[in-house]
Amino acid sequence: MLNETSILIGAIVLLALSFDFINGFHDSANAIATSVLTRALSMRNAIILAAVLNFVGAMMWTGVAETIGKGIVDPKLVSHGNAGQVLVLAALVGAIIWNLITWWKGLPSSSSHALIGALIGSAIAAVKGTSALESAGIIKTLVSLVLSPIVGFIAGGFLMVLIMNIFAQQAPSKINRHFKILQVVSAGFMAFAHGSNDAQKSMGIITLALVFGHFLPSVTVPTWVKVACACAMAVGSAAGGWRIIKTVGKKVIGLQPVHGFASETAAALVVLVNTLWHAPVSTTHVVSSAVMGVGSAKGIASVRWGVVRQIVSAWVMTLPVCAVLGAACFMVLHALIR
């Protein structure tokens with residue numbers, strides 16, 4: 001018969017894969033919103049492209065997974081009973097709740113912020129303090145999460161200004177005809193970058209749970225975990241998320257193919273650099289910021305700042321709200337499971 005630890009690990013794996021699916025569903029707009037809304041790609045083709053390249057990106061590296069698995073919480077300091085497994089389970093439940101709320105509201109909030117916030121809150125509840133938190137890893141993660149949207153905004157604006165100067169003598173219709181083709185490439189690049197960073201978060205969470213359950217001696221991602229998370233992300237991307245696509249692509253600025261290319265390329269570069277630095281970022285934040293940067297290059301009035309304020313409010317709320325959700329979920333689950 002299965003013991004309690006095995007059952008908890010099974011539940012965590014299922015929830016982590018569900019989180020990856022919801023992440024792909026929630027964040028599919030990152031790769032395909034601008035391409036669909038500029039008509040560079042049909043919805044069907046954009047979704048297929050996003051799903052395939054999300055999978056490929058997810059299979060490439062594991063550095064971000066290791067940061068999530070051992071850079072936020074020290075597994076050695078949460079070792080009493082099944083507290084470690086409950087900690088991970090509570091973090092996943094808290095993050096999923098927030099993802100579903102923001103998806104329903106059509107807000108491009110961050111799955112990364114949600115998971116990390118819930119993990120921190122759950123760890124604090126587990127040890128009744130901050131002793132289990134890895135300050136160096138948390139600082140690195142927070143720096144990356146905070147700076148990457150700023151860099152995305154600057155990169156999007158810079159690339160748009162560069163394109164405007166290079167093609168200043170060409171008619172807008174001719175420019176957009178060229179960039180309609182190039183945007184297919186940039187959408188694929190964005191999907192690959194998204195998979196390379198976001199799918200690794202669930203890989204790290206599952207691996208952390210396996211270490212807590214003594215199924216692994218250290219935070220090293222098994223191949224089956226990589227494949228399972230990559231598949232879940234790809235299937236979630238295929239499911240799509242039209243509510244968020246409309247918020248990112250239509251409500252922030254009016255997009256043409258050249259703007260879509262600039263925002264996708266800038267955002268993908270920022271995300272990929274952070275992946276190589278082993279730092280989890282919010283692709284949602286980076287893409288939204290790059291779109292805002294591109295809009296600002298067109299002119300400050302081109303950006304619908306009321307919508308931007310709504311999006312930024314969701315960004316600011318996510319970490320603290322999810323920390324509270326993670327702590328609350330831990331207390332409820334620990335009371336039920338122990």
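Predicted model: local features only at pLDDT ≥ 70, side-chain atom pairs only at ≥ 80, totals over all residues.
Local features were taken only where pLDDT is at least 70, and side-chain atom pairs only at pLDDT 80 or more, while totals for chains, interfaces and linings use all residues. Residues are numbered from 1 along each chain as its sequence is written, and side-chain values use heavy atoms, with hydrogens and water left out.

Start with the helices, which, like strands, are DSSP runs numbered from the N terminus (H or I, at least four residues, for helices; E, at least two, for strands). Two packed helices are described by the angle between their axes and the distance between the axes. For α6 (residues 135-166) and α10 (residues 257-276), the axes come within 8 Å and cross at roughly 145°. Here the axes are lines fitted to C-alpha atoms over the stretch in contact, and angles run from 0 to 180 degrees between N-to-C directions. The crossing is right-handed, a label for a near helix turned clockwise from the far one by less than a right angle, with anticlockwise being left-handed. Contact (heavy atoms within 4.5 Å) involves, among others, Ser144, Gly152 and Ile163 of α6, and Val258, Phe261 and Asn274 of α10. Sorted by class, this contact has ten nonpolar, seven polar and no charged residues. In that sorting, Ala, Val, Leu, Ile, Met, Phe, Trp, Tyr, Cys and Pro are nonpolar, Asp, Glu, Lys and Arg are charged, and the others, Gly among them, are polar.

As for charges, the count comes to one salt bridge, meaning a side-chain nitrogen of Lys or Arg within 4 Å of a carboxyl oxygen of Asp or Glu. The partners are Asp198 and Lys201, at 2.9 Å from N to O. Both sit in helix α7 (residues 172-212), and because they are three residues apart, about one helical turn separates them. Asp198 is buried at 0% relative accessible area, and Lys201 is buried too, at 1%. Buried means under 20%, exposed over 50% and partly exposed in between (1.4 Å probe, protein chains only).

There are zero disulfides, a disulfide being a pair of cysteine sulfur atoms within 2.5 Å. The sulfur of Cys231 has its closest cysteine sulfur in Cys229, 9.4 Å away, so it is too far for a bond; Cys231 is partly exposed at 34%. For Cys329, the closest is Cys322 at 9.6 Å, again too far, and Cys329 is buried at 11%.

Finally, Asn82 lies in the loop between α3 (63-70) and α4 (83-105). Asn82 is buried, with 11% relative accessibility, and touches Glu4, Leu8, His334 and Ile337, leaving aside residues up to four places away in sequence.
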